[in-house]
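Thanks, I will keep this brief.

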Amino acid sequence: MSDELSLPIILPIGAIFFEILFLLAAIPIEAYVLNKWLKFDKRTSIFYAIALNVFSSVIGWIVFFTVEPMLPIPIKAELINYVFFNKLKAPSISTMIIVLSFTIFMATFLVKFLLMKILIIFMNEGGKNTQPETTYSQQRASYMNIAKLQNTNLITATLIANSLSYSAITLIILIRSR
């Protein structure tokens with residue numbers, strides 16, 4: 001009886017392989033940017049790039065599988081058609097794709113930035129003041145300046161890394177669609 005009620009398992013192998021390809025394209029690009037902009041060594045840059053991309057990818061898929069059941073039937077049909085057959089039937093969907101792409105880019109940037117801040121805090125990569133004889137107010141002002149500088153560099157590096165990796169992924173999608 002339970003065999004009659006079970007759903008068949010259909011895996012979108014193409015989507016899985018392209019997700020892996022996207023990760024393989026994005027990780028080296030973002031590691032290079034983190035290495036150059038934040039002055040991390042190569043091993044640390046690669047670790048952060050892998051962590052940021054895998055975590056943001058997992059979060060993205062969780063959001064996708066949460067939102068997908070709530071979509072209207074025509075959009076679901078277009079989505080399934082694109083994932084399984086790499087074709088879009090409705091021409092009116094292109095505007096929605098552009099808006100959705102920008103939204104996904106900004107959401108991914110915010111997720112990566114927050115993940116980077118959390119990883120830096122937990123991995124103790126933040127700047128530390130090495131002068132023990134400074135007063136409390138001088139230490140606090142120094143920490144505030146370091147935090148502002150790190151925040152600016154972190155935002156810039158994350159934005160550049162995300163932009164370059166999204167450009168590479170867009171190029172891969174354009175090559176795939178031809």
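Helices here are DSSP runs of H or I with at least four residues, strands are runs of E with at least two, and both are numbered from the N terminus. The expected span of a helix is 1.5 Å times one less than its number of residues. This is a predicted model, in which local features need pLDDT of at least 70, side-chain atom pairs count only at pLDDT 80 or more, and totals for chains, interfaces and linings use all residues. Residues are numbered from 1 along each chain as its sequence is written, and side-chain values use heavy atoms, with hydrogens and water left out.

The protein chain has 6 helices and 0 strands, in the order α-α-α-α-α-α.

Take helix H4, residues 73-85. From first C-alpha to last, its 13 residues reach 17 Å, close to the expected 18 Å. Which residues of H4 are buried? They include Lys-76, Glu-78 and Asn-81, where buried means under 20% relative accessible area, exposed over 50%, and partly exposed in between, with a 1.4 Å probe and protein chains only. The buried residues of H4 pack against helix H5, 93-123. Just after H4, Asn-86 has a positive phi of about 60 degrees.

Now the cores. A nonpolar core is a set of buried Ala, Val, Leu, Ile, Met, Phe, Trp, Tyr and Cys residues joined through side-chain atoms within 4.5 Å. The largest one has 17 residues, and Leu-34, Leu-38, Phe-40, Tyr-48 and Met-116 have the most contacts inside it; contact means heavy atoms within 4.5 Å. At least two residues of this core come from each of H2 (13-37), H3 (42-67), H5 and H6 (136-177). H5 gives the largest share, 5 residues. There is also a second, separate core of 5 residues, among them Phe-22, Ala-25, Ile-169 and Ile-172.

Over the whole protein chain, 25% of the 178 residues count as buried. Of the contacts between residues at least 6 apart in sequence, 70% join residues at least 24 apart.

Last, the surface. The accessible surface of the protein chain is about 12800 Å², with 72% belonging to carbon and sulfur atoms; areas come from the Shrake-Rupley method with a 1.4 Å probe, and for residues only the protein chains shown count as cover. In soluble globular proteins, nonpolar side chains tend to be buried together. Phe-17, in helix H2, is exposed, with a relative accessible area of 54%.
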